[in-house]
Amino acid sequence: MPAHYPFALPPLPYPYDAFVHDIDRVTMQIHHDRFFAGYVDNLNRILAPWPQYHDWSLRSLLLRWSELPPEIQQPVRNSAGGVYNHEFYFMSMARPNTTQPDQKLQGAIDRSFGSMESCLQALRSTALSQFGSGYAWLSSDTGGNLHINKTANQDAPVPLYPLLNIDLWEHAYFLTYQNRRDTYIDHFLPLLNWNAASAQYAALLQNQPPYPCP
Ligand code: MN
């Protein structure tokens with residue numbers, strides 16, 4: 001993902017059917033190739049006539065959207081959020097139970113939540129409590145303290161630094177799970193990519209974002 005305009009759709013880092021027991025192939029394909037791609041295209045189209053913002057990063061657009069011209073504030077907020085949030089979402093998945101936090105992230109999980117089990121329970125209940133479209137997030141502040149929260153629509157948890165998220169929009173699960181968001185969440189939690197979250201956390205602690213995400 002380029003650091004600023006023009007943004008580009010990152011390739012899906014695994015096959016469409018990589019997690020087919022939990023996320024069906026058609027959902028994965030439409031989610032990445034149409035929804036994620038659509039947010040990238042929309043953001044570039046909105047920003048094209050405004051060269052003074054072409055060096056703004058995704059995080060800057062999300063943190064400072066209220067400084068933009070009024071007519072593009074909400075469209076940029078929605079589209080930049082759609083790009084930022086989906087970049088984390090597709091990074092947040094790995095084959096079930098194949099990843100684990102490194103020592104530093106595990107230590108932070110223990111400090112913040114007591115245990116991985118409690119962390120997952122908090123993530124699950126936060127995801128279940130989101131009314132309507134949005135995301136559940138595990139994020140870190142610049143002090144390395146972890147936070148679980150939810151955001152509506154395409155809002156991101158900035159100024160916190162995300163480590164991973166769960167997309168709670170119906171397009172993420174409806175084909176397989178229909179209205180059963182709780183079943184989708186239960187299938188998603190074992191997919192969480194703790195290796196990627198650890199890399200993100202390590203980069204943050206070394207004050208070296210963005211890696212692997214903005
Ligand atoms: Mn989505």
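This report describes a helix, a metal site and a sheet in a predicted model.

## Basis of the description

In this predicted model, local features need pLDDT of at least 70 and side-chain atom pairs count only at pLDDT 80 or more, while totals for chains, interfaces and linings use all residues. Residues are numbered from 1 along each chain as its sequence is written, and side-chain values use heavy atoms, with hydrogens and water left out.

## Helix α3

Because 16 of the 22 residues are buried, α3 is largely enclosed by the rest of the structure (buried means under 20% relative accessible area, exposed over 50%, partly exposed in between, with a 1.4 Å probe and protein chains only).

## Manganese site

The manganese ion is coordinated at 2.0 to 2.2 Å by NE2 of H31, H86 and H171 and by OD of D167, where donors are N, O and S atoms within 2.8 Å of the metal (3.2 Å for Na, K and Ca), and sites may look incomplete since water is not among the atoms. The spacing of these donor residues in sequence is H-x54-H-x80-D-x3-H, and both D167 and H171 are buried.

## Antiparallel sheet

Three strands form an open antiparallel sheet in the order β2-β1-β3, strands being paired if DSSP finds at least two bridges between them. The edge strands β2 (146-152) and β3 (161-167) each have a single partner, so one side of each is left without a neighbour in the sheet. Strand β1 (residues 134-140) is joined to β2 by seven bridges, and L138 stands opposite I148 in β2.

Methods
Helices (H or I, at least four residues) and strands (E, at least two) are DSSP runs, numbered from the N terminus.
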